[in-house]
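Dear colleague,

I am handing over the structure we spoke about, and below it you will find my notes on what turned up. Please read them with the coordinates open.

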Amino acid sequence: MKALLFKSLAIAILLTAATWSVLLEYHSVAFAEVEIVIWQYLAFFVLAAAICMSIVFLVSQNNFDQTGMSFLAVTTVKMIPAFVVIKFAREQINETLAIQMGYSGFLLFLAIEVYFTYRLLNNKQKKD
């Protein structure tokens, strides 16, 4: 499962980087102008996703019946710092770009976390 965790994070990073490059091109903004915000976003989303997926994995190991609820709880709690990070980024760069980059990153990492949880639940059911 640890391999799935690392694979999931790598896929999320690649998809987010591709999406952000399209957004930067659309807004005609150079990478150097928003480099600090991009690294802040990426560090936050990778760290938050790694923590969330690790918690869900630990819960599935100890109490499989609560895996789905733990995913929902962790995701809900993760939303609060995500909104704070996006709010502070809006003050540093173009507001529209900050919002688009923040929410696209959040949604892509959320999609990968959902996929990770799905695989975790599906693998456990196959073993039973």
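Does Glu-113 count as buried or exposed? Glu-113 counts as buried, at 1% relative accessibility, and I would ask you to keep in mind throughout that this is a predicted model. The side chain of Glu-113 meets that of Lys-78 in a salt bridge, with 2.6 Å from N to O, and Lys-78 is likewise buried, with a relative accessible area of 5%. Because Glu-113 lies in helix α4 and Lys-78 in helix α3, this pair ties together parts that are 35 residues apart in sequence.

The count of salt bridges comes to 3. In another of them, Glu-91 and Lys-87 meet at 3.8 Å, N to O; both lie in helix α3, 4 residues apart, which is about one turn of the helix. Here Glu-91 is exposed, with a relative accessible area of 57%, whereas Lys-87 counts as partly exposed at 46%. Glu-95 forms a salt bridge with Arg-90, the closest N and O atoms being 3.1 Å apart, and there Glu-95 is partly exposed at 41%, as is Arg-90 at 35%.

Leaving aside neighbours within four places in sequence, Met-101 is in contact with Trp-20, Leu-23, Leu-24, Ile-38 and Tyr-41.

A search of the whole structure finds 5 aromatic pairs. Trp-20 and Tyr-41 form one that is tilted, at 5.9 Å centre to centre with 45° between the planes, and it links distant parts of the chain, with Trp-20 in helix α1 and Tyr-41 in helix α2, 21 residues apart. Both of these residues are buried, and ring pairs link Trp-20, Tyr-41, Phe-44, Phe-45 and Phe-109 into a cluster.

On the surface, Leu-47, Ile-51 and Ile-55 form a nonpolar patch with about 260 Å² of accessible area together; Leu-47, whose place is in helix α2 (residues 31-62), is exposed, with a relative accessible area of 54%. Finally, Ser-28, in the loop between α1 and α2, has a positive phi of about 55° although it is not a glycine, and it counts as exposed at 63% relative accessibility.

Note on methods
Residues numbered from 1 in each chain as written. Predicted model: local features only at pLDDT ≥ 70, side-chain atom pairs only at ≥ 80, totals over all residues. Heavy atoms only, no water. Patch = residues over 30% accessible without salt bridge, like charges linked within 9 Å, V, L, I, M, F, W, Y side chains within 5 Å. Areas by Shrake-Rupley, 256 points an atom, 1.4 Å probe, with all protein chains shown as cover. Salt bridge = Lys/Arg side-chain N within 4 Å of Asp/Glu carboxyl O. Helix = DSSP H or I, 4+ residues; strand = E, 2+ residues; numbered from the N terminus. Buried < 20%, exposed > 50% of the residue type's maximum accessible area, 1.4 Å probe, protein only. Contact = heavy atoms within 4.5 Å. Phe/Tyr/Trp six-rings, centres within 6.5 Å; stacked < 30°, edge-to-face > 60°.
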